[in-house]
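Open the model in your viewer and keep the selection panel at hand. Each stop below names what to select and what is there.

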Amino acid sequence: MHDVTQTLDAIKREFDSQNARIIYLQNQNKKLKEEHYKDTELQKMKEELERVRADMYRGFPISAEQEQRIKEWQDKHDAEVHGLKHLKKEFMLVDVSAEDTATNSLVRVLVLLVQRNVIVEQSLLFKICRSEIMIKIIEGNIVNAKTDFIIHQVNCQGVMGSGVAKALRDYDEGIYTHYRKFCEFCKFEPEELLGTCDAYLLKDRGQIVLSLFAQNKYGYDGKQYTDIEAFRDGLRYISQHFGVWREKNGLEGKDLCRTSVALPYKIGCVRGGADWEVVYKIIEEELKDYDVELWRLDE
């Protein structure tokens, strides 16, 4: 009887041991599944973040394929609507005898050639016409600008507490709200926003406000916060995407060869601390194909 009892105890111990092993393996299997799930979810989140970030850099949530189609449409539109025939038609209406300080002698000669049916290369027409676009300095508040676009500089911290940024925020709180949401995408790495911009449509005016990220932080201590390279990259990015924003907001019917842009006078210099001569040169270089207004408001 004693041997039977010992045998049964041994069997029970073995059963308990095996059962404990099974439970352990089940728990480990469950844990591995959970870890795999976490890894899978993290990978999905990472891929989604990269997709959103790529879309964000384009200024609007559109795919690369859509952006390419927009570019193809813009090239076709430029060729068909703003080609040689269109320019000749405009030149035929120019009165070269009238005094016009905006038209120099080279353009006046070109107008005469076109009016007398002298063959002129289309590329030359575009080159000369666009070279004559001047930067105008206008006294007043930039919120009164009637241009197609308004560009102003912002920081990457989600703050619009002073200067032109605050004036625009006071005019339309939606500009600030949209900008804040944009900042949320990169709240852990705000410097990733440098050289990009947020686009907001003022529907009642058919005008787009572009918040250019050209400084990471901000301050009022006289230091330079403007990142010059980010400013240049941002303007270059903007100049390449005017057509995208027009298409996205249903404004493609406007004349692309006469795009007008308003910026604050001494943008990035008053509170950003940059050198105005350097900034002005960048504006001349990167926005040379557009009509530019610099709005100066004495406070």
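**Before you start**

This is a predicted model: local features need pLDDT of at least 70, side-chain atom pairs count only at pLDDT 80 or more, and totals for chains, interfaces and linings use all residues. Numbering starts from 1 along each chain as its sequence is written, and side-chain values use heavy atoms, with hydrogens and water left out.

**Stop 1: the whole chain**

Show the cartoon. The protein has 9 helices and 6 strands. These are DSSP runs, numbered from the N terminus: helices are H or I with at least four residues, strands are E with at least two.

Now colour by accessibility. Of the 299 residues, 36% are buried. Buried means under 20% relative accessible area, exposed over 50%, and partly exposed in between, with a 1.4 Å probe and protein chains only.

Contacts are next (heavy atoms within 4.5 Å). Among those with a separation of 6 or more, 69% join residues 24 or more positions apart.

**Stop 2: the nonpolar cores**

A nonpolar core is a set of buried Ala, Val, Leu, Ile, Met, Phe, Trp, Tyr and Cys residues joined through side-chain atoms within 4.5 Å. Select Leu210, Phe231, Leu235, Ile238, Trp245, Leu263 and Ile283. They have the most contacts inside the largest core, which has 28 residues. Elements that each supply at least two residues of this core include β4 (207-215), α8 (228-248) and α9 (276-286). Its largest share, 6 residues, comes from α8.

Which residues does leucine 263 touch, not counting those up to four places away in sequence? They are Ile142, Ile151, Leu235, Ile283, Leu287, Val292, Glu293, Leu294 and Trp295.

Then select Ala145, Ile150, Tyr176 and Cys186. They are included in a second, separate core of 22 residues.

**Stop 3: strand β5**

Select residues 260-264, which form β5. How many of its 5 residues are buried? The count is 5 of the 5, so β5 is largely enclosed by the rest of the structure. Ser260, Ala262 and Pro264 point one way, while Val261 and Leu263 point the other way.

Two strands pair if DSSP finds at least two bridges between them. β2 and β5 run parallel, joined by 2 bridges. Phenylalanine 149 stands opposite valine 261. β5 also pairs with β6 in the parallel sense, over 5 bridges. There, alanine 262 has glutamate 293 of β6 as its bridge partner.

**Stop 4: lysine 136 in β1**

Lysine 136 is in strand β1 (residues 135-139). It counts as exposed, at 52% relative accessibility. Draw a distance from its C-alpha atom to that of aspartate 291: 8.3 Å, for residues 155 apart along the chain. Leaving aside neighbours within four places in sequence, lysine 136 is in contact with Val292, Glu293 and Leu294.

**Stop 5: the aromatic rings**

Rings of Phe, Tyr and Trp (its six-membered ring) pair if their centres lie within 6.5 Å; planes under 30 degrees apart count as stacked, over 60 as edge-to-face and the rest as tilted. The whole structure has 8 aromatic pairs. The ring centres of tyrosine 176 and tyrosine 179 are 6.2 Å apart with planes at 45°, so the pair is tilted. Both tyrosines lie in helix α7 (residues 173-184), 3 residues apart, about one turn of the helix.

Compare tyrosine 218 and tyrosine 220. Their ring centres are 6.4 Å apart and their planes at 70°, so the pair is edge-to-face. Tyrosine 218 is partly exposed at 35% relative accessible area, and tyrosine 220 is exposed at 60%.

Now select Tyr176, Tyr179, Phe182 and Phe213. Ring pairs link them into a cluster.

Arginine 296 lies over the face of tyrosine 265, at 4.7 Å from the ring centre.

**Stop 6: lysine 266**

Finish in the loop between β5 and α9, the place of lysine 266. Its phi is near 60°, a positive value in a residue other than glycine. Most residues other than glycine have a negative phi. Lysine 266 is partly exposed, with a relative accessible area of 34%.

Key:
A charge sits over a ring if NZ of Lys or CZ of Arg is within 6 Å of the ring centre and within 35 degrees of the ring normal.
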